[in-house]
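Please read them alongside the sequence and coordinates.

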Amino acid sequence: MRLSDFKYPVSKSQIALYPKEPRDKCKMMVLDRLKKTITDKKFSDITDYFKKGDLLVLNDTKVFPAKLYGHKEKTSAKIEVFLLRELNRQTGLWDVLVEPARKVRVGNKLYFEGNLVAEVVDNTTSRGRTIRFLTPDADIYKVVEKIGLMPIPPYIKRDPDEKDKTRYQTVYAKVPGAVAAPAAGLHFTPELIAKIKKMGVHIHFITLHPGLSTFRKVEVEDVSKHKMDSEYCSVSYETSQAINKAKDSRSGRVIACGTTVARALESNATIDGHIKFGQNWTDKFVYPPYEFKVVDALITNFQQPESTPLMLAAAFAERDFLFKAYKQAAKTGYKFFSYGDSMFIH
């Protein structure tokens with residue numbers, strides 16, 4: 001497929017700057033792939049589409065306040081450091097983006113609040129650097145929880161505030177490491193999850209830490225040439241066994257909450273549709289045409305044009321049907337992207 005197949009117009013007014021409150025009262029567009037029907041609902045109505053025995057798989061990654069402001073030694077000029085991922089906990093190495101990049105060179109020391117000090121040890125890309133935190137025995141995640149800002153998406157044209165530390169986080173977030181929220185899960189409330197469990201739906205978790213590539217548009221016209229960034233992925237033995245049992249007994253569907261969950265499951269799938277457990281780094285890129293081996297239904301948000309999450313959703317729903325739904329959503333006032341409304345494809 002071509003990149004031009006995944007372009008569509010989106011106006012500023014369509015992009016949600018803040019999420020709906022309460023979370024589960026946002027709109028939900030339901031796509032039936034077999035009947036080719038499109039139905040408008042609220043997210044809280046999602047229980048109408050679940051059945052006893054279904055498996056709902058959630059991503060328990062936790063977004064950490066990855067955006068730091070500091071300064072170089074011997075200068076008061078402000079430096080922005082965006083923590084991308086931890087490379088080695090013992091040595092304090094991290095991949096980061098810096099701004100302004102031209103002022104940050106190998107050998108520079110960077111100073112932050114909380115007595116946090118880092119040294120630039122390598123260049124990776126034009127704005128990318130590898131840094132080593134020099135603060136002995138510091139738990140970097142705990143420090144940045146106090147001094148960092150939440151990395152809300154770049155298309156949300158406002159500064160992050162304190163409320164984003166809870167808004168831009170699922171209610172079941174547990175494992176720190178993400179710099180982008182698994183947005184499809186932002187609509188769940190503890191009450192809704194409890195209701196789903198009471199129905200006899202089994203809830204299981206994977207961990208996949210989304211990086212900034214979530215917001216990066218594909219730049220090659222032949223999408224098969226695109227290379228995904230590697231992201232940490234973990235599927236527990238318990239989750240793999242539950243999915244394999246459901247597949248073997250045909251007792252329920254596997255419902256993936258978000259493109260990150262779909263990628264994690266498909267990355268660990270065997271030819272016969274079973275799931276392997278374990279930890280790995282995945283760069284799996286799902287785009288049409290693709291035959292899903294594990295996922296039977298998908299919860300997702302309205303994705304950015306020319307993005308890899310949009311391509312995965314198009315592979316699952318069928319591209320023309322998905323774009324018909326997007327066009328209808330734009331006409332009827334749905335909000336798009338991370339803080340926007342939801343879609344359920346089954």
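This is a predicted model: local features need pLDDT of at least 70, side-chain atom pairs count only at pLDDT 80 or more; totals for chains, interfaces and linings use all residues.

1. Ser-76 sits in the loop that links strand 5 (67-72) and strand 6 (78-88); strands here are DSSP runs of E of at least two residues, and helices runs of H or I of at least four, each numbered from the N terminus. Its relative accessibility is 70%, so Ser-76 counts as exposed, the classes being buried under 20% relative accessible area, exposed over 50% and partly exposed in between (1.4 Å probe, protein chains only).

2. Residues are numbered from 1 along each chain as its sequence is written, and side-chain values use heavy atoms, leaving out hydrogens and water.

3. An open sheet of mixed pairing is built from 9 strands in the order 2-1-17-16-14-3-12-13-15, two strands being paired if DSSP finds at least two bridges between them. Strand 2 (37-42) and strand 15 (278-282) each have a single partner strand and stand at the edges, so one side of each lacks a neighbour in the sheet. From one strand to the next, the twist averages 25°.

4. Strand 14 (residues 254-257) and strand 16 (residues 297-301) run parallel and are joined by 3 bridges. Ile-255 has Ala-297 of strand 16 as its bridge partner.

5. Helix 5 (residues 259-267) packs on the sheet, where it touches strands 3, 12, 13, 14, 15 and 16 and makes about 85° with the direction of strand 12. Contact means heavy atoms within 4.5 Å; axes are lines fitted to C-alpha atoms, for helices over the stretch in contact, with angles from 0 to 180 degrees between N-to-C directions. Because 8 of its 9 residues are buried, helix 5 is largely enclosed by the rest of the structure. Among these buried residues are Arg-263 and Glu-266.

6. Helix 7 (residues 319-331) also packs on the sheet, touching strands 1, 2, 16 and 17, at about 150° to the direction of strand 1.

7. Which residues lie nearest the centre of the largest cavity? They are Thr-214, Thr-259, Thr-260, Gln-303 and Pro-309, out of 30 lining residues. Helix 5, strand 16 and helix 6 (308-317) each give two or more residues to this lining. A cavity is a set of points on a 1 Å grid over the protein atoms alone where a 1.4 Å probe fits but cannot get out, and lining residues have an atom within 4 Å of a point.

Technical notes: On a 1 Å grid over the protein atoms alone, a cavity is a set of points where a 1.4 Å probe fits but cannot get out, and a pocket is an open set with protein on both sides within 12 Å along at least five of seven lines; lining residues have an atom within 4 Å of a point.
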